[in-house]
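Dear colleague,

A summary of the findings follows.

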Amino acid sequence: MSSSIYDLKVIINPSRGFKKPSFLSRQEAETVLKFHKTIEAYQPTPLFTLNNLAERLGVECIYVKDESKRFGLNAFKALGGTYAMAKVMCRELGLSDDGMDFGYLSSREVRERTGPITFITATDGNNGRGVAWSAQQLGQKAVVYLPRGTAGARVDAILETGSEAVVTDLNYDNTVRLAMKKAEENSWHLVQDSAWEGYTEVPAWVMQGYMTMIYEAMDQLKANNLGRPTHLFLQSGVGSMPAAILGYLVNDPETENIKSIIVEPHNAACIYNSAVHKDGKRHPVKGDLRTIMAGLACGEPNLIAWDILRDFSYAFVSLEDYFAARGMRMLGNPAGKDPRIISGESGAVGIGLLSLLMEKPELTPVKEQLGFDDNSIVLVLNTEGDTDPDNYLDVVWDGKYSLPFNRALTYHLKRS
Ligand SMILES: Cc1ncc(COP(=O)(O)O)c(C=O)c1O
């Protein structure tokens, strides 16, 4: 289904898998959370309730899990990097990963045993910052490769940790290939947040690391009697993060029926494109993957993530950048007494999409297909803050990437 006025494409997923990903179980998530709690900077990130926005849009509730507060790094990504790097170190040291402790792995004793370790990764920014920060905490070294056009602020955030940052003239996927080659040439440890044939162990650990985000969110909802979400927006790059969250949810009978909507920018919609083909296989997209949602600018799906997304997602959406820009403006300028949330391009797209679905009569058929109504309880993961501060201000102050036509907003679905 697509909308003619709004540049939005939607596929409702006809398939429902039965092989649940056991590596993303609640039990595994508990082990991961126990590890994250050994990191000094660990704190659960806040879960905000946007009552005024929910009322305005005509849904029951909107919850935003704000990962911009994660470890003070402005994005969720270090959840994966820390866990995978700790697992790599345990393997190096021949240590059991039972009771794995970040403090101990950062100790001088461990450094003396391992000697210097170099981690390498390719990144659009957030993953690299997570890996660089983790290496700094561990007293080890990181080398980070970035695609052409990466915002200066994202590069600076990596350099600030003392890591090496190299901006290539390649797109994201070719930058990953370069990092893989450098890892092989130098015997460095590749900590990549995507999997391919022959490279699945580390990315599976990265994905397990991401589960802390949804484990906390579900706990926060339960502890505060906030009800169970009916819908969840999952913005996707290579698909590791959305698949980790979805895998966790489908493993629990209480949450397996939450409708997970996978969202990507048109120019990097590799998950959507794979769904279009209906042969169950991955179908990459090529080109410069241009979008303001830099975290989602990936053309090749993660091998192990795709199977989960294919089998358990409710819908796949591909859209234009203005959906994300609108979400940034809305979260930064809240309705009524709702809390203000600083949300970057990739973090805000779910709210932007929800708002237009609920407000624009032209999108009513899509809204209905996705099952949104006044009983909907919507969970959104704000996966990053203003990681590109210049673009953030261009969008929020100057209205960059505004809607494609100028029209006063009408709130047709507003509850009176
Ligand atoms: C802020 C943000 N959100 C979402 C994603 C998507 O994660 P994945 O590439 O695992 O699909 C990324 C990836 O870098 C990101 O940086």
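How many nonpolar, polar and charged residues does the lining of the largest pocket have, by class? The lining has nine nonpolar, five polar and nine charged residues, where Ala, Val, Leu, Ile, Met, Phe, Trp, Tyr, Cys and Pro count as nonpolar, Asp, Glu, Lys and Arg as charged, and the others, Gly among them, as polar.

The model is predicted: local features need pLDDT of at least 70 and side-chain atom pairs pLDDT 80 or more, while totals for chains, interfaces and linings use all residues. Residues are numbered from 1 along each chain as its sequence is written, and side-chain values use heavy atoms, with hydrogens and water left out.

The volume of the largest pocket is about 600 Å³. Of its 23 lining residues, Arg148, Gly149, Arg290, Thr291 and Ala294 lie nearest the centre. Because domain 1 (2-75 + 203-396) and domain 2 (78-192) both contribute residues to this lining, the largest pocket lies between them; the domain bounds come from an automatic or database domain assignment.

The structure also holds two cavities of 30 Å³ or more. The largest cavity has a volume of about 210 Å³, and its 19 lining residues include Phe76, Lys77, Gly237, Gly295 and Leu296, which lie nearest its centre. On a 1 Å grid over the protein atoms alone, a cavity is a set of points where a 1.4 Å probe fits but cannot get out, and a pocket is an open set with protein on both sides within 12 Å along at least five of seven lines; lining residues have an atom within 4 Å of a point. Grid points are joined across faces, edges and corners, and a volume is the space filled by probe spheres set on the points.

Backbone N or O atoms lie 2.7 Å from a ligand oxygen atom for Gly237 and 2.8 Å for Met241.

No disulfides (cysteine sulfur pairs within 2.5 Å) were found in the whole structure.

Yours sincerely

How values were computed. Polar contact = N/O pair within 3.5 Å; in protein donor to acceptor, adjacent residues only side chain to side chain.
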